[in-house]
Amino acid sequence: FAPLYEAKLTFQYDHRAASFAGVAEEARFRIHAWANETQPAQYADPHFAILPRFWVAESEVACRLKSNVSFLFGFRNAISAVADSRSFVASIFPAVGVGNSLPLIHFEDAAAPIVFLAAFNAFVLDYLLRQKASGGNLNFYIIKQIPLPHRSTFERTYSWISGNQPLKDWLRERVLELTYTAWDLEPFARDCGYAGPPFRWDEERRFLLRAELDAAFFHLYGLSRDDTAYILDTFPIVRRKDLAQHGTYRTKDTILEIYDAMAESTRTGQPYQTRLDPPPADPRVAHPDTRKVRQPTVIQIQEARSSAFMQLLLRQWGKPVDRGALEVGMILMLNDDLRTAIVQQQPMQSGWPTIVQKLDLFLGRMKASEFIQDQDTGTRQLISLGPQAAPLSRFSDKDRQKAEETVRIVSEIGEARVRAQFAQVESHAELELVS
C-alpha cells in the first residue's frame with residue numbers, strides 16, 4: 001500500500017511537515033483531524049517519513065500516473081489569510097496517493113517543477129494570489145490567472161548571477177537543498193542532476209535560501225524597494241512570529257538586504273555573493289552517503305545502452321526523425337544478427353528487442369531526462385535530440401560506424417521491409433504456439 005497524502009501534511013518546500021504518528025485513533029479520523037508537527041530530531045533523520053491516516057493500493061496509484069512520473073508537485077487548495085501565515089503553499093513529494101485537498105500539476109519539462117516551486121512559494125506570488133482569491137478554496141481557475149514570468153526569463157543569464165549561469169540553474173541549487181531532505185525524494189534529486197545523499201535540515205540555511213529566492217523574484221517582477229517592503233508588510237502572521245522569536249521582522253529585513261545587494265550587483269556588474277557558506281546544494285551540507293554500492297541490473301545496463309544508441313542515431317541523422325524510422329534504427333543497433341539478416345535478405349530468427357516493445361515507456365524516460373524531445377505534427381511523431389544529449393565524442397568509433405551503417409540501411413531499405421519480415425516471425429511464433 002502507498003500513503004495517501006493530505007494538504008495538512010505538507011508545507012512550502014517540505015513534504016514532511018506533519019504526521020499522524022502519535023495521534024489517537026479516535027482523533028485521527030475526525031472530520032477536522034489534526035496532525036502532529038514534525039520535530040527537529042525527525043527532520044534530522046533523512047529516513048523519517050510521515051505517517052498518513054489513510055492508505056491506498058499501490059496498483060491504484062500506478063495506474064493513474066504516467067510511467068515516467070517518480071515524484072509529484074502539488075499545492076494546498078484551502079487558504080485562510082486570517083489563520084495561515086502563507087496562502088500559496090506548494091511542495092514536491094513522492095509518487096504516492098493524494099487526496100483532493102492537494103491538487104497536482106504535471107510537467108513535461110524537467111526544469112519546470114523547480115521554477116514553479118520557487119515561484120509559487122515566493123512572497124510576491126502569494127501577494128498576487130490574495131488579490132485574486134476569494135473564499136477558502138484555491139481552484140485551478142485562480143491559478144491560471146496568476147501572472148508568471150515567461151519561460152525565457154529563466155533561460156537567461158543576469159549580471160548578478162556569477163559564472164554566466166542561467167537563472168534556472170541558480171534556482172535549482174536553492175530549491176534542491178530546500179526540498180531534498182529525505183531519501184524518499186531521491187528521484188527528484190536525480191532529475192535535478194544531483195546523485196548525492198539528502199541535505200541536512202538546517203533552519204538558518206533554509207531561512208537564507210528562501211530569502212535569496214524571494215529577493216530574486218521581487219527583482220524579476222520589476223518591483224521597487226518600497227513596493228517590496230509594502231508587500232512584505234501585508235503578511236501580519238509572518239511578522240508577528242518574527243517579532244515573538246527574534247524581536248524584529250527578520251524576514252522582511254533580510255529579504256530587503258539581499259534585494260539591495262542584488263540591485264547593487266546589477267548596477268556594478270559584479271555578481272551577487274551568497275550569504276551561505278558552503279554555497280547552496282554543496283555536498284558538504286548533505287548527510288553522509290549510507291547507500292551500499294549496487295551493481296547495475298541487466299535491465300539498467302540494457303536501458304543505458306539503448307539510451308546511448310538512440311542519442312547516437314539522432315546525432316547521425318542530424319535532423320528530427322520519424323518515430324517509426326527511429327524504432328527500426330534501434331532494432332538494427334541493438335541486434336547485430338537482425339541487422340545482418342536484413343542486409344543479406346535472410347529470414348529473421350528472433351523478435352524485436354524488449355526495449356523496443358516498451359518504446360513508449362522508454363521514450364518517456366528519455367524525454368524526462370531531456371536526452372530527447374518530440375514534436376507531434378498530427379500525422380506523425382518526430383524525435384530529435386534534447387539539451388542534455390551526450391556529445392558525439394562520448395561514443396566509440398565502432399558504435400559511430402554502426403550508427404552510420406544503420407542510418408544508411410533505414411534510408412535505403414525502409415522500415416516497411418523490416419516490419420514485413422518481423423510480421424513473418426510473429427506469424428511463425430503463433431503457429432508454433434497453436435501446435
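E212 is buried, at a relative accessible area of 1%; buried means under 20%, exposed over 50% and partly exposed in between, with a 1.4 Å probe and protein chains only. The model is predicted, so local features need pLDDT of at least 70 and side-chain atom pairs count only at pLDDT 80 or more, while totals for chains, interfaces and linings use all residues. Residues are numbered from 1 along each chain as its sequence is written, and side-chain values use heavy atoms, without hydrogens and water.

**Around E212**

E212 sits in helix α10, residues 203-220. Helices (H or I, at least four residues) and strands (E, at least two) are DSSP runs numbered from the N terminus. Leaving out residues up to four places away in sequence, E212 touches W170, R174, I258, M262, Y272, T274, R275, L276 and P280. Contact means heavy atoms within 4.5 Å. I255 is 43 residues from E212 in sequence, yet their C-alpha atoms are 6.9 Å apart.

**Two helix pairs**

Two packed helices are described by the angle between their axes and the distance between the axes. The axes are lines fitted to C-alpha atoms, for helices over the stretch in contact, and angles run from 0 to 180 degrees between N-to-C directions.

α10 and α13 cross at roughly 55 degrees, and their axes come within 8 Å. They are therefore oblique to each other. Angles under 35 degrees count as roughly parallel, over 145 as roughly antiparallel, 65 to 115 as roughly perpendicular and the rest as oblique. On the α10 side, the contact includes F207, A211, E212 and A215. On the α13 side, T254, I255, I258 and M262 are among the partners. The contact holds eleven nonpolar, three polar and four charged residues. Ala, Val, Leu, Ile, Met, Phe, Trp, Tyr, Cys and Pro count as nonpolar, Asp, Glu, Lys and Arg as charged, and the others, Gly among them, as polar.

α4 (112-120) and α8 (167-179) pack at about 75 degrees, with axes 9 Å apart. That makes α4 roughly perpendicular to α8. I114, V115, L117 and A118 of α4 meet K168, L171, R172, V175 and T179 of α8. Six of these residues are nonpolar, one is polar and two are charged.

**Nonpolar cores**

A nonpolar core is a set of buried Ala, Val, Leu, Ile, Met, Phe, Trp, Tyr and Cys residues joined through side-chain atoms within 4.5 Å. The largest has 68 residues, of which W160, W170, L171, L176 and F218 touch the most other members. α10 gives the most to this core, with nine residues. A second, separate core of 25 residues includes L313, I383, A403 and V407.

Helix α5 (123-132) has F123, V124, L125, D126, Y127 and L129 as its buried residues. They pack against α4, α6, α10, α11, α12 and α13.

**Buried loop residues**

| Residue | Loop | Relative accessible area |
|---|---|---|
| Y13 | between β1 and β2 | 3% |
| A33 | between α1 and β3 | 7% |
| A281 | between α13 and α14 | 14% |

Y13 has a positive phi, near 55 degrees, in a residue other than glycine. A281 also has a positive phi, near 60 degrees. A33 touches K8, F20, A27, R28 and R53, not counting residues up to four places away in sequence. P278 lies in the loop between α13 and α14. The peptide bond from D277 to P278 is cis, with omega near 0 degrees.
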